[in-house]
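Hi,

Here is the structure I promised to send over.

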Amino acid sequence: MISFGLFETFGAGLLILGFGYLLSKLRIFSVLCLPAAVLGGVFALSVLVLFSHFFELKISFDESLKESFLLAFFASLGLGFSIDFSKKSNFSKNFFIFLGLCAFIMVLQNLLGITIISLFDKQKELGLIAGSISLSGSFGMGAFWSEVLKTEPHNITNALDISIACATFGALFGSVLGAPLGAFLIEKFVLKEENSRFESKEKSPSQKELGNELGNALVLFFSKKELKNTIISVLLLAFCVLCASVIKLFISLPAIIFALIFALILRVLCYFFGLTLAHKNLALLGNFCLALFLALALMSIDLKALLDIGLPLFVLLCLELVLMLFFVFFITFRVLGRDYEAALLSSAQCGLCLGATPIALANLEKLELRFFSSKSALAILCLSGVFFIDFINVLVIWLFLSFL
């Protein structure tokens with residue numbers, strides 16, 4: 001057993017992210033739009049599994065950095081929020097449609113789970129664990145409801161182990177399938193049929209100015225012109241992360257909510273006092289933090305728990321995956337209008353309702369790097385994933401449990 005400390009884990013994360021970046025340059029992965037963090041994380045996970053199986057060597061990582069990276073990413077979103085965009089944009093319709101579609105897929109996930117588990121003559125509550133509890137709710141929601149399902153009248157003593165395995169399955173496939181599905185929708189239904197509509201679209205800053213070259217990114221980050229604004233932005237980012245971490249100790253809510261709220265408040269104050277922030281550098285730093293979070297999260301996945309899940313639950317999870325892909329392709333994309341934003345949100349929903357908000361954001365970011373940015377899609381996903389999805393999921397799960 002080898003345990004990596006804080007700095008060793010950070011170094012390993014950087015190496016994995018760098019290797020994933022090199023893999024993403026290969027044509028097969030570039031076409032599939034797989035994020036570098038996912039490629040590097042899955043590769044590292046495969047190596048760790050081989051070491052564990054053939055050499056009986058297990059490596060553990062210090063996970064204390066993961067949440068900080070995630071908080072920094074959401075704080076960068078809040079600090080980089082465009083006030084002008086918030087005044088001019090008209091995304092409320094798609095926002096409520098997207099929320100409704102997410103609620104609908106949660107209901108379908110639980111209905112499918114209860115139906116399939118009943119065929120195997122198992123407890124119906126297991127269908128909920130392998131449904132929206134672990135898929136749309138991910139690890140946090142799974143841990144919360146596992147404590148409920150351990151008690152009377154459910155008595156599922158291994159609920160936590162099952163939820164972790166199911167959430168692992170969802171996170172893995174939400175990461176791997178989300179961006180390729182979005183790229184397929186864009187190329188098949190949007191770019192080929194409506195190519196002219198994109199000629200005047202502005203490419204994302206990462207593509208247009210930073211490109212994919214690390215040297216250019218570092219030049220921009222440390223340029224004299226932006227240095228003062230960058231220092232102020234980084235200090236505000238650190239302040240948001242610190243405040244969110246402290247408040248989480250007293251209020252039992254996800255810390256990312258507080259990070260985003262503090263960042264939005266500071267963004268509004270900066271706007272009214274005329275303080276300029278380094279928005280491009282914030283986006284660069286935020287995306288880097290998200291990539292590190294995903295790389296560390298994926299290489300820490302316990303595949304043994306996934307392999308020990310049992311045949312009925314494995315069959316159910318495979319069917320849940322098919323349901324998600326069918327729903328995104330035939331319902332979400334079409335209901336949202338079959339346009340570019342609909343393709344982005346379809347890819348995001350695949351990550352959101354199979355894994356978690358960071359996975360959905362990574363899918364969205366990868367598509368924006370290859371094609372074009374969409375502030376509206378990003379705003380819809382952030383508002384949905386951070387503030388509303390978990391509350392809707394709790395309501396859906398509670399309703400199902402009340403009828404079982």
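Of the contacts in the protein with a separation of 6 or more, 81% are between residues 24 or more positions apart. Bear in mind that this is a predicted model. There are 19 helices and 2 strands, and buried residues make up 50% of the 404 residues. The protein exposes about 19,200 Å², with carbon and sulfur atoms supplying 69% of that.

Now the rings. The count comes to 12 aromatic pairs. One of them is Phe 10 with Phe 69, which is stacked at 6.1 Å centre to centre with 25° between the planes. Phe 10 sits in helix H1 and Phe 69 in helix H4, so this pair ties together parts that are 59 residues apart in sequence. Phe 10 is partly exposed at 31% relative accessibility, while Phe 69 is buried at 11%.

Phe 95 and Phe 388 have ring centres 5.6 Å apart and planes at 65°, so that pair is edge-to-face. It links helix H6 (Phe 95) to helix H19 (Phe 388), 293 residues apart. Here Phe 95 is buried at 8% and Phe 388 partly exposed at 36%.

Ring pairs also link Phe 184, Phe 326, Phe 329 and Phe 330 into a cluster. Arg 334 lies over the face of Phe 329, 5.2 Å from the ring centre.

Last, the surface: Leu 242, Val 246, Leu 249, Phe 250, Ile 251, Leu 253 and Phe 391 form a nonpolar patch with about 750 Å² of accessible area together. Leu 249, in the loop between helix H12 and helix H13, is exposed at 70% relative accessible area.

Cheers

Terms used:
Residues numbered from 1 in each chain as written. Predicted model: local features only at pLDDT ≥ 70, side-chain atom pairs only at ≥ 80, totals over all residues. Heavy atoms only, no water. Patch = residues over 30% accessible without salt bridge, like charges linked within 9 Å, V, L, I, M, F, W, Y side chains within 5 Å. Areas by Shrake-Rupley, 256 points an atom, 1.4 Å probe, with all protein chains shown as cover. Salt bridge = Lys/Arg side-chain N within 4 Å of Asp/Glu carboxyl O. Helix = DSSP H or I, 4+ residues; strand = E, 2+ residues; numbered from the N terminus. Buried < 20%, exposed > 50% of the residue type's maximum accessible area, 1.4 Å probe, protein only. Contact = heavy atoms within 4.5 Å. Phe/Tyr/Trp six-rings, centres within 6.5 Å; stacked < 30°, edge-to-face > 60°. Lys NZ or Arg CZ within 6 Å of the ring centre and 35° of its normal.
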